[in-house]
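This briefing goes through a protein model topic by topic. Please keep the sequence and the 3D view open while reading.

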Amino acid sequence: MQPYEAGWLSIIPPIVAIALALTTKEVLSSLLIGILTGTLIYTIGTDGNVLMGTLESAFTTMGNKVDFNILIFCSLLGALVYVVAMSGGTKAYGKWAVSKIKGRRSSLLATSGLGILIFIDDYFNCLTVGTVMRPVCDNYRVSRAKLAYIIDSTAAPVCIIAPVSSWAAAVGSSLKDNSVFESDMAAFIATIPWNFYALLSILMIFFIALTNFDFGPMAKSEERALSGAAEEGGVAGHAEPPKANPRGKLLDMLVPILSLIVFAVLALMYTGGYWGDDPKFHSFQAALGNCSASPSLVWASFGALVVAFVMYVPRGLVPFSDFMAGLVEGMKLMLPANVILVLAWTLSGVCRDLLQTPLFVQSLVTAGGADFSVFLPAAIFLIAAFLSFSTGTAWGTFGILIPIVVPVVAAIDPTLTIVGLSATLAGSVFGDHCSPISDTTILSSAGAGCNHMEHVSTQLPYSLLVAFCAFVGYLVAGLSDANLWLSLGTSVALLLVITSGLHFLRGKKTAAGAV
């Protein structure tokens, strides 16, 4: 299909999708209607058949844009996390943690560490961390709200900076047809130090765990827990993992995850030509920059499943029939994410390839003057945050924004391209992290056994503080010609100072009230 320069009409499909998502809080139908709106504009503009042309353009674009390697990887990943839970490996970690953890601070640090260890998928994180660590945290009177906050803060914020994760695959799929970057994996890795929200979120949980510098509603929840008051009722336990074998060991969780990482690195090196005939790719960095992420992650996830099979089935830990059934159940868990991916790919294809939306947006921004470029990263962060918070999905947000943002920033100021991409990812994660309708927010509440609205209300001040510091960092990045150390250093210093200040201010108010 030939592209059609639709001008201002080219921004209608994403606007329709966003408006419907904000109104209905339902992403799938909003994306689908946005797609059909775009193909209708394209069909009318090219004098096609209004009914059949609209449908044909939509499903042709969908077929052209689907990356089956990514869908296979996500499905295999869902299968892997399910059978790992079936093996009892995560339960074994919980037993080990109970025997080793001897204090409140240690329980918080161990919970944070487990959340970071399970970086391959946010659903897997929410599925396991709360169930495993809840008894430990209850033993040391850690509030369920604090547990839910740690779970949520080590889910999406960790996955978005892990090269071997379902999130990295989703981002790579949004970049695959973009001519700005030679390698989607290299581009993703380049965003990691610039993903201020994710990095600051992780710093925040460790700082709070080490210092106990709580403030706002979270401090009140912690006081209630320390006094022994009963926790409010939690959400329905649909985040509970499958029935786990009590004979599972700690290695039954660690070995498959580590094998996934090792296989992924080897596969990325292989597809990047590390062992090929061209000597210029015979270094790790060069091979990584030349690799094909999608097939590499598929091979890695399949290899990890083989390792899990060899570990579980011969020992009778998971019977053969249960193992195969678990693969299917795990794949089902990834169906909503896969559908969102397909629709987001299609909408971005309609906008980018059929209606030439990036060209129109680029012309608008460049017409506004070059001075605007210094505010681009911060503005992109706010737009992505608003959309993600309102819709409750980070994947749908960066699926819509990346194809538009990257070429626009690259045309205006190439030095800010990686920063702009990072701001898109960071804003998407912020909205997903604290939105009350986000699936990870809901699953974090359920996994911790915490009342959902208590989790939202206690986490929001922390998330907003981190987002504010990240926003300032992106402002500094635009003003300093993408100076990483100055931008990140400003954000980190601001976070530590404000967090400490809020804690001590609350302490003074409490002391004054007691007099």
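Which residues of the largest nonpolar core touch the most other members? They are Met-133 and Phe-398, in a core of 143 residues. The helix that gives the most to this core is α4 (residues 68-87), with twelve residues. The model is a predicted one, and the points below are grouped by topic.

**Overall make-up**

- The chain has 25 helices and zero strands.
- It is 515 residues long, and 58% of these residues count as buried.
- Taking contacts between residues at least 6 apart in sequence, 81% join residues at least 24 apart.

- Beyond its neighbours within four places in sequence, Met-133 is in contact with Tyr-93, Ala-97, Ile-101, Ser-107, Ala-110, Thr-111, Leu-114 and Leu-147.

**Aromatic pairs**

- The whole structure holds 13 aromatic pairs.
- One of them joins Phe-309 and Phe-320 edge-to-face, at 6.0 Å centre to centre and with 90° between the planes.
- Phe-309 belongs to helix α16 (residues 293-312) and Phe-320 to helix α17 (residues 320-333); the two residues are eleven apart, and the pair links distant parts of the chain.
- Phe-309 counts as partly exposed because its relative accessibility is 29%, which falls between the 20% limit for buried and the 50% limit for exposed.
- Ring pairs also link a cluster made up of Trp-194, Phe-196, Tyr-197, Phe-381, Phe-430 and Tyr-474.

- Helix α14 (residues 251-271) has 21 residues, so at 1.5 Å a residue it should span 30 Å; its end C-alpha atoms are 29 Å apart, which agrees.
- The buried residues of α14 include Asp-252, Met-253, Pro-256, Ile-257 and Ser-259. Leu-260, Ala-264, Ala-267, Leu-268, Met-269 and Thr-271 are also among them.
- Gly-273, which follows α14, has a positive phi near 90°.
- Helix α22 (residues 417-434) has 18 residues and should therefore span 26 Å at 1.5 Å a residue; the distance between its end C-alpha atoms is 26 Å, in agreement.
- Because 18 of the 18 residues of α22 are buried, this helix is largely enclosed by the rest of the structure.

- Ala-156 lies in helix α9 (residues 156-159). Its relative accessibility is 1%, so Ala-156 counts as buried.
- Leaving out residues up to four places away in sequence, Ala-156 touches Asp-122, Trp-167, Val-429 and Asp-432.
- Ala-156 and Asn-125 are separated by 31 residues in sequence and by 9.1 Å in space, C-alpha to C-alpha.
- Thr-458 is part of helix α24 (residues 452-479). With a relative accessible area of 2%, Thr-458 is buried.
- The side chain of Thr-458 reaches the backbone oxygen of Glu-454 at 2.7 Å.
- Residues up to four places away in sequence aside, Thr-458 touches Ala-145, Pro-217, Met-218 and Ser-221.

**Loop residues**

- Most residues other than glycine have a negative phi. Arg-141 is not a glycine, yet its phi is positive, near 55°.
- Arg-141 sits in the loop between α7 (122-139) and α8 (144-153). Its relative accessible area of 43% makes Arg-141 partly exposed.
- Asp-481 likewise has a positive phi, of about 55°, although it is not a glycine.
- The loop that holds Asp-481 lies between α24 and α25 (484-514). Asp-481 counts as exposed, at 61% relative accessibility.
- Asn-212 is placed in the loop between α12 (196-211) and α13 (217-226). It is partly exposed, with a relative accessible area of 36%.
- Not counting residues up to four places away in sequence, Asn-212 touches Arg-104, Lys-146, Phe-207 and His-503.
- Between Asn-212 and Arg-105 there are 8.4 Å in space, C-alpha to C-alpha, while the two are 107 residues apart in sequence.

Methods. Residues are numbered from 1 along each chain as its sequence is written. This is a predicted model: local features need pLDDT of at least 70, side-chain atom pairs count only at pLDDT 80 or more; totals for chains, interfaces and linings use all residues. Side-chain values use heavy atoms; hydrogens and water are left out. Helices (H or I, at least four residues) and strands (E, at least two) are DSSP runs, numbered from the N terminus. Buried means under 20% relative accessible area, exposed over 50%, partly exposed in between (1.4 Å probe, protein chains only). Contact means heavy atoms within 4.5 Å. A nonpolar core is a set of buried Ala, Val, Leu, Ile, Met, Phe, Trp, Tyr and Cys residues joined through side-chain atoms within 4.5 Å. Rings of Phe, Tyr and Trp (its six-membered ring) pair if their centres lie within 6.5 Å; planes under 30 degrees apart count as stacked, over 60 as edge-to-face and the rest as tilted. The expected span of a helix is 1.5 Å times one less than its number of residues. A polar contact is a pair of N or O atoms within 3.5 Å; within protein, one must be able to donate a hydrogen and the other to accept it, and residues adjacent in sequence count only if both atoms are side-chain atoms.
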